Amino acid sequence: MSTETTAVEFDPFSRDFFDDPYDTYTALRDHAPCYYSKQYDFYALSRFDDVVAGHRDFVTFSSSHGQTYEQLTAEDPPMFNSIISMDPPEHTRYRKLVSRAFTPRSIDNYEALVREIIGDYLDPLVGRRRFDILEEFAAPFPIEIISTILGVPPEDRQQIRHWADAMLHREEGSATGGEAAAEAGMAQGMYLYQLTQRKRAEPADDMLTALIEAEVETDDGERTRLDDMEIAGFGTLLSAAGSETVTKLVGNAMVLFHRHPDQWAKVLDDPGILANAVEEVLRFWAPSQYQGRYSMVDSVWHGVTIPKHKPVFFITGAANRDPRRYDDPDRFDITRDPGLAVGLGHGLHACLGAALARLESRVAIEEIARRWPDYRVEESGLRRVQMSNVAGYSSVPITVP
């Protein structure tokens with residue numbers, strides 16, 4: 001089988017990708033549904049059915065080499081491994097241990113905390129005519145929530161966010177984060193490792209302590225627990241994913257509703273529609289644009305062979321706009337039936353914290369709508385992030401009456 005594809009260019013480290021990749025996604029789906037990058041030596045799937053199939057096939061596409069291009073091409077594994085970089089049966093063991101912290105009952109119990117923290121960040125903005133809803137609200141509040149749940153002391157919570165930002169930042173045209181990203185990742189991992197050790201000595205009512213104490217029975221009848229390095233790896237994943245995803249989702253939502261006032265009117269008329277609205281924001285502008293895997297065996301997609309031992313990207317952002325799956329996919333419609341949603345992952349690695357992310361986003365938009373039903377985005381002030389596989393804004397200035 002051929003390993004060549006048509007002349008479509010997809011560069012996930014380019015300005016075009018950071019700013020607006022959707023024309024490129026259309027070209028990929030139509031002309032190179034199994035894309036090969038000669039520049040970076042990776043493959044990419046962009047159609048909805050292929051992305052879903054890839055997520056479900058952990059035999060062909062392994063998670064054990066990481067998710068980002070930098071991880072997938074590295075010679076050495078990361079020091080702080082986490083559940084997102086595991087395959088069964090190891091993944092199954094971890095999922096059992098950590099999923100207890102994300103049961104529907106647990107998420108329901110967090111709503112009061114979520115509302116309190118969101119209110120603490122929004123209330124000081126009331127009375128101002130202009131502020132940055134991203135920098136002053138959507139960026140700081142999610143890490144405050146997830147780090148509170150983890151058990152991070154108040155004085156350290158925003159530092160966790162800054163480390164996560166540094167780890168994910170990519171300069172235009174650069175496939176790796178460089179020394180600054182590596183140092184941030186090490187600093188965050190070591191901080192959470194040391195915090196876990198403190199929690200083991202002094203247990204508290206928080207998620208890190210719960211992970212220390214969690215115990216499940218393995219398939220062979222043995223009892224198993226996580227060690228401190230494993231808990232630090234999970235904490236690193238959760239703090240980054242738990243902050244970046246919601247930050248980008250809320251920022252994206254505010255821009256989308258500004259540009260689609262008919263949809264904002266529906267929110268104002270019926271806040272009960274917000275759960276569905278969050279799904280549409282996730283579909284239309286996915287905070288996580290692609291997820292990386294490592295091919296373990298040769299496989300053929302649309303006449304193109306993906307050889308074993310190659311990085312492969314499942315482009316969620318493209319799948320979510322596939323007309324083979326969605327009617328009029330480029331229309332933002334919060335009444336749309338979300339169907340099978342892949343905006344927060346799918347298959348074995350569907351986001352553990354997805355319910356919490358949805359709760360935070362729904363409450364955030366609801367509280368913004370209650371305070372500022374007539375907000376306007378200053379389009380000239382919009383700034384986008386440059387991050388590995390994360391898409392959204394770093395600045396969303398708004399004005400209110």
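**A helix pair and its setting**

Reply: In this predicted model, the axes of helix H9 (residues 157-168) and helix H10 (residues 178-201) come within 7 Å, crossing at roughly 145 degrees. The crossing of H9 past H10 is left-handed. On the H9 side, the residues in contact are Ile160, Trp163, Ala164, Ala166 and Met167. Their counterparts in H10 are Ala181, Ala184, Gly185, Ala187, Gln188 and Tyr191. By class, this contact comprises nine nonpolar and two polar residues, with no charged residue taking part.

The second largest pocket has a lining of another composition. Nine of its lining residues are nonpolar, four are polar and seven are charged. The lining consists of 20 residues in total, and those nearest the centre of the pocket are Asp20, Pro21, Tyr22, Trp285 and Arg321. The space in this second largest pocket amounts to about 230 Å³. Three helices, H1 (15-19), H2 (22-31) and H12 (228-259), each contribute at least two residues to its lining.

Rolling a probe the size of a water molecule over the atoms shows where empty space is left. The structure contains two cavities of 30 Å³ or more, and the largest cavity has a volume of about 60 Å³. Helix H14 (residues 274-284) gives the most to the lining of this largest cavity, supplying three residues. The lining is formed by Glu279, Leu282, Arg283, Asn320, Tyr326, Pro338, Ala341, Val342, Gly343 and Arg358. Sorted by class, these lining residues are five nonpolar, two polar and three charged.

Charged pairs complete the picture. Side chains of opposite charge can pair when their charged atoms come close. The structure holds 25 salt bridges, one of which joins the side chains of Asp123 and Arg371 with an N to O distance of 2.7 Å.

To return to the helix pair, the contact of H9 with H10 has no charged residues, while the lining of the second largest pocket has seven and that of the largest cavity has three.

Note on methods:
Residues numbered from 1 in each chain as written. Predicted model: local features only at pLDDT ≥ 70, side-chain atom pairs only at ≥ 80, totals over all residues. Heavy atoms only, no water. Axes fitted to C-alpha atoms, helices over the stretch in contact; angles between N-to-C directions. Helix = DSSP H or I, 4+ residues; strand = E, 2+ residues; numbered from the N terminus. Left-handed = near helix turned anticlockwise from the far one by under 90°. Contact = heavy atoms within 4.5 Å. Nonpolar A, V, L, I, M, F, W, Y, C, P; charged D, E, K, R; others polar. 1 Å grid on protein atoms, 1.4 Å probe; cavity = no way out; pocket = protein on both sides within 12 Å on 5 of 7 lines; lining within 4 Å. Points joined across faces, edges and corners; volume = space filled by probe spheres on them. Salt bridge = Lys/Arg side-chain N within 4 Å of Asp/Glu carboxyl O.
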